[in-house]
Amino acid sequence: RGRPAHLRSPDDTPLRDANRDFVMGLLTARAARTLVVYLQETNMTVSHWLVRFMHDNPITLSGTWEDICGDTFLRKLLSMPVE
């Protein structure tokens with residue numbers, strides 16, 4: 001399933017949508033891993049929490065476009081309560 005019609009431009013094709021979503025998901029996952037490496041040097045408690053969160057909420061290669069591009073991951077991360 002692709003993006004809803006109101007989120008697409010007239011130039012989008014299904015292949016372009018899929019490639020964009022895949023690249024966004026890949027970049028989001030890599031950024032999260034980079035953040036883990038930084039946190040391992042500065043704050044191990046938060047680093048362990050983020051690793052557990054990433055394990056429980058992975059960015060998948062199949063499913064809805066929200067799951068593939070990392071939107072679901074980021075929305076869950078942003079909706080977590082501050083501890």
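Contact, as the word is used here, means heavy atoms within 4.5 Å. The structure is a predicted model, in which local features need pLDDT of at least 70 and side-chain atom pairs count only at pLDDT 80 or more, while totals for chains, interfaces and linings use all residues. Residues are numbered from 1 along each chain as its sequence is written, and side-chain values use heavy atoms, with hydrogens and water left out.

When its neighbours within four places in sequence are left aside, Met54 is in contact with Ala32, Arg33, Val36 and Phe73. With Pro14, by contrast, Met54 has a separation of 40 residues in sequence and of 28 Å in space, C-alpha to C-alpha.

Stepping back to the whole chain, the secondary structure comes to four helices and zero strands, and reading along the sequence gives the pattern α-α-α-α. The chain is more spread out than a compact globule, because its radius of gyration is 15 Å, well over the 12 Å that the globule rule gives for 83 residues; the radius is taken over C-alpha atoms, and the rule is 2.2 Å times the number of residues to the power 0.38. Along the principal axes, the C-alpha atoms fill a box of roughly 45 × 20 × 20 Å. Of the 83 residues, 24% count as buried, where buried means under 20% relative accessible area, exposed means over 50%, and partly exposed lies in between (1.4 Å probe, protein chains only). The accessible surface comes to about 6200 Å², and 62% of that surface belongs to carbon and sulfur atoms; such areas come from the Shrake-Rupley method with a 1.4 Å probe, and for residues only the protein chains shown count as cover. Among contacts between residues at least 6 apart in sequence, 45% join residues at least 24 apart.

Phe73, already named as a partner of Met54, is found in helix α4, residues 71-78. At 6% relative accessibility, Phe73 counts as buried, and, not counting residues up to four places away in sequence, Phe73 touches Thr28, Ala32, Phe53, Met54, Asn57 and Ile59. The C-alpha atoms of Phe73 and Thr42, which are 31 residues apart along the chain, are separated by 23 Å.

Thr28 has its place in helix α1 and is buried, with a relative accessible area of 16%. Leaving aside neighbours within four places in sequence, Thr28 is in contact with Ile59, Cys69, Phe73 and Leu74.

Phe73 also belongs to one aromatic cluster, together with Trp49 and Phe53. A search of the whole structure finds two aromatic pairs, and the pair of Trp49 and Phe53 is stacked, because the ring centres are 5.4 Å apart and the planes stand at 15°. For such pairs, rings of Phe, Tyr and Trp (its six-membered ring) must have centres within 6.5 Å, and planes under 30 degrees apart count as stacked, over 60 as edge-to-face and the rest as tilted. Trp49 and Phe53 are four residues apart in helix α2, so about one helical turn separates them. Trp49 is partly exposed, with a relative accessible area of 25%, whereas Phe53, at 6% relative accessibility, counts as buried.

Thr34 is found in helix α1 and, at 55% relative accessibility, counts as exposed; its C-alpha atom is separated by 18 Å from that of Phe22, twelve residues away along the chain. Val23 is found in helix α1 as well, which spans residues 14-42, and is partly exposed, with a relative accessible area of 41%. Phe22, Val23, Leu26, Leu27 and Leu61 make a nonpolar surface patch of about 490 Å². Patches are made of residues with over 30% relative accessible area and no salt bridge, with like charges joined within 9 Å and nonpolar side chains (Val, Leu, Ile, Met, Phe, Trp, Tyr) within 5 Å; a salt bridge is a side-chain nitrogen of Lys or Arg within 4 Å of a carboxyl oxygen of Asp or Glu.

Thr60 is partly exposed, with a relative accessible area of 28%, and, not counting residues up to four places away in sequence, Thr60 touches Asp67 and Ile68. Thr60 and Leu77 are 17 residues apart in sequence and 15 Å apart in space, C-alpha to C-alpha.

Methods. Helices (H or I, at least four residues) and strands (E, at least two) are DSSP runs, numbered from the N terminus.
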